[in-house]
Amino acid sequence: MLTIVASILVFSAIVLVHEYGHYKAAKSVGIKVYEFAIGMGPTLIKKEKKGTIFSIRAIPIGGFVQMEGEEEEVISSTSFSTKTIWQRAKVIAAGPLMNYALALALFIIIAFSFGVYGNHIDYIDENSNEYREGLRTGDKIVSINGDRAYIWEDIFYEIVDPNNTYYTIEYERNGQLKQATIENNYRKMIGISTSIVDGNATTTVSPSDVTSPAYKAGIKDGDKVIKINDVNINTWEELTAEVEKSIEGEPVKVTVDRKGEIIDFNITPQSQITVKFNTQLEKSFTTAISSSAYKTVYYIELMFKTISQLVTGKLGSDALGGPIMVISMVGEAAESGLLSLLNLAAFISINLGFMNLLPIPALDGSKLIFLLVEGIRGKRISADKEGYIHFIGFVALIGFMLFITYKDILRIFRI
């Protein structure tokens, strides 16, 4: 029940902000708006105000702003089709841009309410390379690889960049600046997460994500690891230690107990960079604003990187998630608390804004492309032709959504 309520609230809020962007921009350039709707299907509630119907519909997915002259040629002073290219572009782009603004606002709320991890070291593993090179608790990290460091993200993403086998850090202690060049910490990972019982990590595991070696090998939620390379395992620490002992590039034999059935898997670990220190939580204005802007830009860049990897084949369709997976994530975030839910809502909002700006027929991005073509050729493509292209795109998007939903179902039930 919590998952359903949280999902409806999160999706409705994100769609509301998106459509409000279109609505407000349309009104600002004098376009008549017939209806502002949240959801799809039959109308549950509606109210008319200043010539616009505001409605909530039965199916809590999506929404729309119906404008005069958007789907057909209407010659009037309040028609979308008679406005200038720049005015129409403003209306179209306003929705996705409002999603970015929502994400930024949510990150700012999170930062002021819960705090932001800044650049003062709060904890450092005494066995880490950072400790051996001189870093200590309380040190202030000033820069990393020549770039100023204000928040944890400035530090973290430089360290975990797979292109960096080492990093150079400048830090301050008692008013004195020091510098160190540190070799990255690598750890062998098979891609599993532990289950916490009474505050302790156990050997009952789940795949960390759908791209992990463990998931691809067949590990399922609730599997209990009992042996690694035929060595008995009783604790999470023993499990990770045995994986670390494995030979680079060779598979590890993982034996699990699955509801009484003993199953062996051969999983080749991946070497991943681990960060063995963290920073203090801060609530200053500077860290809140810089952190929020950083996260928003970072996730937008991540969207570009993901699309590039999908196109080049570096990521497969298993890396994609549809509505069922997102609803599941919202439910998990809601159970974890408000902080997790707000972070996920910000991420989903960025995703919606980004996806809508892709040049795919039926999405806002393709409508902007049509405006660009109109500006180049000096006349508008006929509404019928544009509508037909958007219809084809819409059908393709529905087909793609059904495919992703099917993959979600397979992922959940591991068919």
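**View 1. Arg173 and Asp139 join their side chains in a salt bridge, with 2.8 Å from N to O.** A salt bridge here is a side-chain nitrogen of Lys or Arg within 4 Å of a carboxyl oxygen of Asp or Glu. This is a predicted model, in which local features need pLDDT of at least 70 and side-chain atom pairs count only at pLDDT 80 or more, while totals for chains, interfaces and linings use all residues. Residues are numbered from 1 along each chain as its sequence is written, and side-chain values use heavy atoms, leaving out hydrogens and water. R173 sits in strand β6 (residues 166-173) and D139 in the loop between α3 (129-132) and β4 (140-144), so the pair ties together parts that are 34 residues apart in sequence. Helices (H or I, at least four residues) and strands (E, at least two) are DSSP runs, numbered from the N terminus. With a relative accessible area of 24%, R173 is partly exposed, whereas D139, at 1%, is buried. Buried means under 20% relative accessible area, exposed over 50%, and partly exposed in between (1.4 Å probe, protein chains only).

**View 2. E153 and K295 form a salt bridge at 3.8 Å, N to O.** Here the partners come from distant parts of the chain: E153 belongs to helix α4 (residues 152-159) and K295 to helix α7 (residues 285-312), 142 residues apart. Both E153 and K295 are buried.

**View 3. K245 meets E242 in a salt bridge of 3.1 Å, N to O.** K245 is exposed, at 60% relative accessibility, while E242 is buried, at 14%. D230, K253 and D264 are linked in a salt-bridge network.

**View 4. F265 is a buried residue, with a relative accessible area of 10%.** You will find F265 in strand β14 (residues 261-267). The C-alpha atoms of F265 and V254 are 5.1 Å apart, although 11 residues separate the two along the chain. Leaving aside residues up to four places away in sequence, F265 touches A217, G218, I219, V252, K253, V254, V256 and R258. Contact means heavy atoms within 4.5 Å.

**View 5. Helix α1 (residues 2-28) and helix α2 (residues 85-114) cross at roughly 140°, their axes coming within 7 Å.** Axes are lines fitted to C-alpha atoms, for helices over the stretch in contact, and angles run from 0 to 180 degrees between N-to-C directions. The two helices, α1 and α2, are therefore oblique to each other. Angles under 35 degrees count as roughly parallel, over 145 as roughly antiparallel, 65 to 115 as roughly perpendicular, and the rest as oblique. The contact involves I14, V17, H18, Y20, G21, H22, A25, A26 and S28 of α1, together with K90, V91, I92, A94, G95, P96, M98, N99 and L102 of α2. By class, these residues are 11 nonpolar, six polar and one charged. Ala, Val, Leu, Ile, Met, Phe, Trp, Tyr, Cys and Pro count as nonpolar, Asp, Glu, Lys and Arg as charged, and the others, Gly among them, as polar.

**View 6. α2 also meets helix α10 (residues 364-377), with axes within 9 Å and a crossing of roughly 165°.** The helices α2 and α10 are therefore roughly antiparallel. On the α2 side are I85, R88, A89, I92, A93 and P96, and these meet D364, K367, L368, L371, E374 and G375 of α10. This contact of α2 with α10 has seven nonpolar, one polar and four charged residues.
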